[in-house]
Amino acid sequence: MAAEIIRGTELRETILDEVAEGVKTLKEKTGRPPGLVTILVGENPASLSYVSLKIKTAHRVGFKEVQENIAEDVSEADLLALIEQYNRDDTIDGILVQLPLPKHIDESRVIDAIDPAKDVDAFHPVNVGRLMLEGSSAPFIPCTPAGIQEMLVRAGVPVAGAEVVVVGRSNIVGKPIANLLLQKGRAANATVTVVHTGTKDLASHCRRADVLIVAAGVPNLVHPEWIKPGACVIDVGVNRVGERVSEKTGKTVAVLRGDVDYDAALGVAGWITPVPGGVGPMTIAMLMKNTLKAMELRTL
Ligand SMILES: Nc1nc(=O)c2c([nH]1)NC[C@@H]1CN(c3ccc(C(=O)N[C@@H](CCC(=O)O)C(=O)O)cc3)C=[N+]21
């Protein structure tokens, strides 16, 4: 039987409707909408495309949206001063500094400078610590892990007691999703294994997974033989493997592939997320949810 496709583009609609409702309520209570500032340093094409999606979505749910597009050669001190300005700005609830940053800027110094109460990415050490201590009751869950958990819940994938294997140990996906799913709670309480580039036999670990979460950034890394029949496969990879001309707009757009050999996996998995249209859109939806929550926590 072919896998059930978990479509992020569909789930996103429900979440954004919920956020838009929450924005209305907050506006009635406080007289202002949630404010989100996106800070983009330089002109990396992938970053530009993600940030413009975030801005478009912020408008759609009724946020005040501020864009800071600054030059690649900005000094670290100037960037830190800009963050401080938004830390003090009461109309701004969420500060997002798009990663990666240019090499001359120390990423962890920049993240440390964001007020944890406005850290809607949940990258600040305070929020990382909270996630580790409190699991899903932490004030902010990082957007991609939160999106993945939401997909598991809404698709009805059994997670409690399941074998979850996470491929990748990044600070923005691998480590936090592993942490989230091993805690007690809804769509959690799993037995979690994290595998990475230092792991001896990737395939044998993956084959044991009831839920396989792949965030390695390597196109076609996961072959169908690595998938246990009926398993849930969550593909976090967004690899730009080429370019094509869009039939709709006539513009050149990137061709995206996940980390999983999708067509082959369809015949083995029980559930699967597509790329594009899977985890990516959920990540952006959860950013909106976090920004709404930031305003609630700061004002109510
Ligand atoms: N401070 C910060 N926060 C982030 O959340 C953050 C970041 N930096 N740096 C880069 C990664 C990557 N990321 C994605 C978000 C949406 C899609 C997404 O919506 N993808 C669409 C396709 C988008 C397209 O066509 O380019 C999809 O998969 O269907 C992908 C990737 C957020 N990140």
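This is a predicted model: local features need pLDDT of at least 70, side-chain atom pairs count only at pLDDT 80 or more; totals for chains, interfaces and linings use all residues.
The chain is divided into two domains, domain 1 covering residues 30-116 and domain 2 covering residues 143-282. Their C-alpha centres lie 27 Å apart.

An open sheet is formed by three strands in the order E3-E2-E4, and the pairing is parallel. Strand E3 (64-70) and strand E4 (94-97) are the edge strands, each pairing on one side only. From one strand to the next, the twist averages 15°. The pairing of strand E2 (residues 35-41) with E4 is in the parallel sense and extends over four bridges. Leucine 36 has glycine 94 in E4 as its bridge partner.

Helix H2 (residues 45-60) lies across E2 and E3 and runs at about 170° to E2. Helix H3 (residues 76-88) lies across E2, E3 and E4, at about 175° to E2.

Helix H5 spans residues 125-134, and Asn127, Val128 and Leu131 within this helix are buried. These residues are on the same side of H5 because they cover an arc of only 105° around the axis. An α-helix has 3.6 residues a turn, so residues three or four places apart point the same way. The buried residues of H5 pack against helix H7 (174-182). On the face of H5 turned away from the buried side are the exposed residues Pro125, Gly129 and Leu133.

Aspartate 121 is located in the loop between helix H4 (107-113) and H5. Is this residue buried or exposed? Aspartate 121 is buried, because 22 other C-beta atoms lie within 10 Å, and the cut-off for a buried residue is 20 or more. When its neighbours within four places in sequence are left aside, aspartate 121 is in contact with Leu96, Pro142 and Cys143. Proline 229 is 108 residues from aspartate 121 along the chain, and the C-alpha atoms of the two are separated by 34 Å.

Conventions: Residues are numbered from 1 along each chain as its sequence is written. A residue is buried if 20 or more other C-beta atoms lie within 10 Å of its own, exposed if 12 or fewer, and partly exposed in between; C-beta atoms are placed from the backbone. Helices (H or I, at least four residues) and strands (E, at least two) are DSSP runs, numbered from the N terminus. The arc is that of the directions from the helix axis to the C-beta atoms. Two residues are in contact if their C-beta atoms, placed from the backbone, lie within 7 Å. Domain bounds come from an automatic or database domain assignment. Two strands pair if DSSP finds at least two bridges between them. Axes are lines fitted to C-alpha atoms, for helices over the stretch in contact, and angles run from 0 to 180 degrees between N-to-C directions.
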